[in-house]
Amino acid sequence: MLSLHTARERRAPHGKPRIGLAIAGGGPIGSMYELGALRALDEAIEGLDLNRMDCYVGVSSGAFLAAGLANRMRTEEICRIFITGDSYDAVFRPSDFMRPAVAEYMRRAAALPRIARKWWGDMQHAPWGTGWSNFIMRFGGLVPTGLFDNAQVEHFLRDVLTRRGRTNDFRKLDVPLYVIAVDLDNGEAVRFGSEQWRDVPISKAVQASAALPGLYPPVQIRGRSFVDGALRRTMHASVVLEQDIDLLIGVNPLVPFNAQSEDQGLEAGAGHSGRLARGGLPAVLSQTFRTLLQSRMQVGLAKYATQYPNIDQLIFEPNARDGEMFFTNAFSFSARARIAQIGYRNTLADLRRRAEILRPMLAAHGLALREGVVNQPRRSIFDGLPPASRDSDATARLRRALDELEQRATSGMV
C-alpha cells in the first residue's frame, strides 16, 4: 500500500534533487519486510541510489537498515547477511539476538529478600493495607525489564560497521544519519547523530533505539535509560523533512489487518473467520498496537503535507489484507525470507499500480521507473542478487575508496 502526497508547491530545480529516507521499526519481521521493500526500490527506480541519500533516519529495527545504507552497504549485501545467509561479510545468527537476559534476571532476583522483608513488615503494621494490588506493586519490581539480552545487538552491528571501510562513528559519515530512541525517565525522543549526541557509537544508538520494552531491557547511555524510538513517533519522518529535502521516501511495516475479507487471511489465521477477538489477547494487542502506530503516522503525514508543501512524499506499507504479515510472529526470525519476499513484491505491485502518477513525480527528481523490473508480477527478491563477493577486507576498502573517487569525479568535486 503506497501513501502518496504530491508537493503542491514543488520548488524550482536548484541542482541535484535532495532525497531523504525514513525507516520505521517493526521487530525482526518488520525489518525483513522493509529490507524487501528497499531491495525492490533499489532495483525498480532508475537514478535512485539508496547508499547516497541526503539524509537517513532509522527507528528501532529500521535503524539497522538505515545505519547499513548510510555506510554504503548495498541492499544485496544486506539481503545476503540476513536472508540468504551466504555472505562472506558477516554471519548472522538469530539465536544471538534471543539470548535470555540472565544478568537482568539475577539482578531482579537479588532484590527479592529486601522487597519481601519490607512487604512482611508492612503487613505486620497495617495488614488491611496489604491487598493484592499492594502485593503486585511491591513484587512487580522483580519482573525483568526485558526477556532477552540486547548486548549482542550492539556487538553484531559494531563488528559489521568497523570493517571493510565502514564506520561506527556518526561524525565520520558523509551524510546525516539519525537514530531515534526515547529516554524512559522523561519520555523525550533523542536523536542520536545530532550535534550533542554524535559521539555515541552508531551501534550503541541502534541498540537503544531497538530496545522494545518487554523484549529487551533499556540501554544505559550517559547515565540515562533509553528504549524503543517508536514510543514517541512511528517513523519520525519530520527529522528528514527538516533537512531541506525535495523527496521523502518512507517505509513502515506495521499496519492493522483488515479481517473483514472473507477470502484473505483466514488460512494464515486458522479459525479466526475474520474476527480477530477469537485469536485471544495476542491478536487483540497486535491489532491495537498496529492501529495506534499507523493512525499516528497518518495524522503526522497529513500535517506534514501542509507544513512542507514543497516536498513530495512516498510511504510504502504492507497490504492491510495480508494475513501472513499479521499472523506471523513479529519477533521470529524463521520467516525472514518469506516476509522479505512479500515486502519486495508488494512494493513492486505498488509501483506498478501507481505508475501513471509516479512517473511525473519521479521525473521531477531525476528518477524513472525501470519498466522491465516493475512489470514482472512474479519477480523474486532473489532474481537480481549478484553472486556473493569474496573480497578481502583490504580489497573491499580499496573498492570503496575507488567508488568514492569515481563519485566525486562524476559530481565535479575533484
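Two residues are in contact when heavy atoms lie within 4.5 Å of each other; helices (H or I, at least four residues) and strands (E, at least two) are DSSP runs, numbered from the N terminus.

**Basis and confidence**

This is a predicted model, in which local features need pLDDT of at least 70 and side-chain atom pairs count only at pLDDT 80 or more, whereas totals for chains, interfaces and linings use all residues. Residues are numbered from 1 along each chain as its sequence is written, and side-chain values use heavy atoms, with hydrogens and water left out. The predictor's confidence in each residue, pLDDT, runs from 0 to 100. The average pLDDT of the protein is 83, and 81% of the residues score at least 70. Where pLDDT is low, the predicted coordinates should not be read in detail.

**Packing of H1 and H2**

Helix H2 covers residues 61-70 and packs against H1 at an angle of about 40 degrees, their axes being 8 Å apart. Here axes are lines fitted to C-alpha atoms, for helices over the stretch in contact, and angles run from 0 to 180 degrees between N-to-C directions. From H1, the residues Gly 27, Ser 31, Glu 34, Leu 35 and Leu 38 meet Ser 61, Gly 62, Leu 65 and Leu 69 of H2. By class, this contact of H1 with H2 has four nonpolar, four polar and one charged residues. In this classification Ala, Val, Leu, Ile, Met, Phe, Trp, Tyr, Cys and Pro are nonpolar, Asp, Glu, Lys and Arg are charged, and the others, Gly among them, are polar.

Ser 31 belongs to helix H1, which spans residues 27-44. Burial is defined by relative accessible area: buried is under 20%, exposed over 50%, and partly exposed in between (1.4 Å probe, protein chains only). Ser 31 has a relative accessible area of 9% and is therefore buried. Apart from neighbours within four places in sequence, Ser 31 is in contact with Ser 61 and Leu 65. The C-alpha atoms of Ser 31 and Ser 60 are 9.1 Å apart, although 29 residues separate the two in sequence.

**Paired strands**

Two strands pair if DSSP finds at least two bridges between them. Strand E4 is mostly covered, as five of its five residues are buried. Cys 55, Val 57 and Val 59 are buried on one side of E4, and Tyr 56 and Gly 58 are buried on the other. In a regular strand the side chains alternate between the two faces of the sheet.

E2 and E4 run parallel and are joined by four bridges, with Ala 22 having Val 57 as its bridge partner in E4. E4 also pairs with strand E5 (residues 177-183) in the parallel sense, over four bridges; Val 59 stands opposite Ile 180 of E5.

E5 in turn runs antiparallel to E8, and three bridges join them; Val 182 stands opposite Val 227 in E8. Strand E8 (residues 224-228) is largely enclosed by the rest of the structure, because four of its five residues are buried. Strand E7 (residues 219-221) is likewise joined to E8 by three bridges and runs antiparallel to it, Val 219 having Phe 226 as its bridge partner in E8. The hairpin of E7 and E8 has two residues between the strands, and in this hairpin Arg 222 takes a positive phi near 55 degrees.

**Salt bridges**

A salt bridge requires a side-chain nitrogen of Lys or Arg within 4 Å of a carboxyl oxygen of Asp or Glu. The whole structure holds 24 salt bridges, including the following.

| Residue | Partner | N to O distance |
|---|---|---|
| Arg 18 | Asp 54 | 3.7 Å |
| Arg 52 | Asp 49 | 3.8 Å |
| Arg 80 | Asp 86 | 2.6 Å |

In the salt bridge of Arg 18 with Asp 54, the partners are 36 residues apart and link distant parts of the chain: Arg 18 is in the loop between strand E1 (2-5) and strand E2 (19-23), and Asp 54 is in the loop between strand E3 (45-46) and strand E4 (55-59). Arg 18 is partly exposed at 26% relative accessibility, whereas Asp 54 is buried with a relative accessible area of 19%. For the remaining pair in the table, Arg 80 is buried at 10% relative accessibility and Asp 86 is partly exposed at 34%. Elsewhere, salt bridges that share partners join Arg 39, Asp 42, Glu 43, Arg 74, Glu 76 and Arg 379 into one network.
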